[in-house]
Amino acid sequence: MFQTHPLTRAALVAVFASFAFAPAAFAGDDDTAAICAEAEERYQKIFGAPSSEVSGATVVLMYDYNFCPAQISVPVGTTVRWVNVDKRTSHSVLVKDSGQPESDRAFPEEVIEFTFLEPGPQDYLCGPHWETQNMIGMVTVTPE
Ligand SMILES: [Cu+2]
């Protein structure tokens, strides 16, 4: 299920340690890599720590009509936390085959969380921007 809530800096700074993360670069797309590097800079400016230091969730940034990284692979049961690091644009997440409705809009510095309970590839999109900006992503959920 989806949850949308503002994330306090204190909550994030408190979180550290063991966390396996995938490199943010999305192979073969220099523009996307540059946008995602900027997104991570924004994240660190807002929350005061790298997104890779979050524990208990895998972070995907939403920035400049991109999901960063656009493709991730996580074990079943993982909660993905999409964080809006834009300055003024809101985004949503719709996991197409989840049977769940589109999330509420996440405004800048807000997050959307979804826990993946079924193995397999899960395509998702941003409701307002998938069609015009190709703002789409994929989570590959691996069995335990
Ligand atoms: Cu969007």
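A residue counts as buried if 20 or more other C-beta atoms, placed from the backbone, lie within 10 Å of its own, as exposed if 12 or fewer do, and as partly exposed in between. Strands (E, at least two residues) are DSSP runs numbered from the N terminus, and two of them pair if DSSP finds at least two bridges between them. This is a predicted model, in which local features need pLDDT of at least 70, side-chain atom pairs count only at pLDDT 80 or more, and totals for chains, interfaces and linings use all residues. Residues are numbered from 1 along each chain as its sequence is written.

Q: How many of the 6 residues of strand E2 are buried?
A: Strand E2 covers residues 58–63 and is largely enclosed by the rest of the structure. Thr 58, Val 60 and Met 62 point one way, while Val 59, Leu 61 and Tyr 63 point the other way.

Q: Which residue in E5 is the bridge partner of Leu 61?
A: E2 pairs with strand E5 (residues 79–84) in the parallel sense, over 5 bridges. Within E5, the partner of Leu 61 is Val 83.

Q: Which residue in the turn between E2 and E3 has a positive phi?
A: E2 runs antiparallel to strand E3 (residues 66–68), joined by 3 bridges. The two strands form a hairpin with 2 residues between them. The residue with a positive phi, of about 50°, is Asp 64.

Q: Is Ser 98 buried, partly exposed or exposed?
A: Ser 98 lies in the loop between strand E6 (94–95) and strand E7 (110–115). Because 17 other C-beta atoms lie within 10 Å, Ser 98 is partly exposed.

How values were computed: Helix = DSSP H or I, 4+ residues; strand = E, 2+ residues; numbered from the N terminus.
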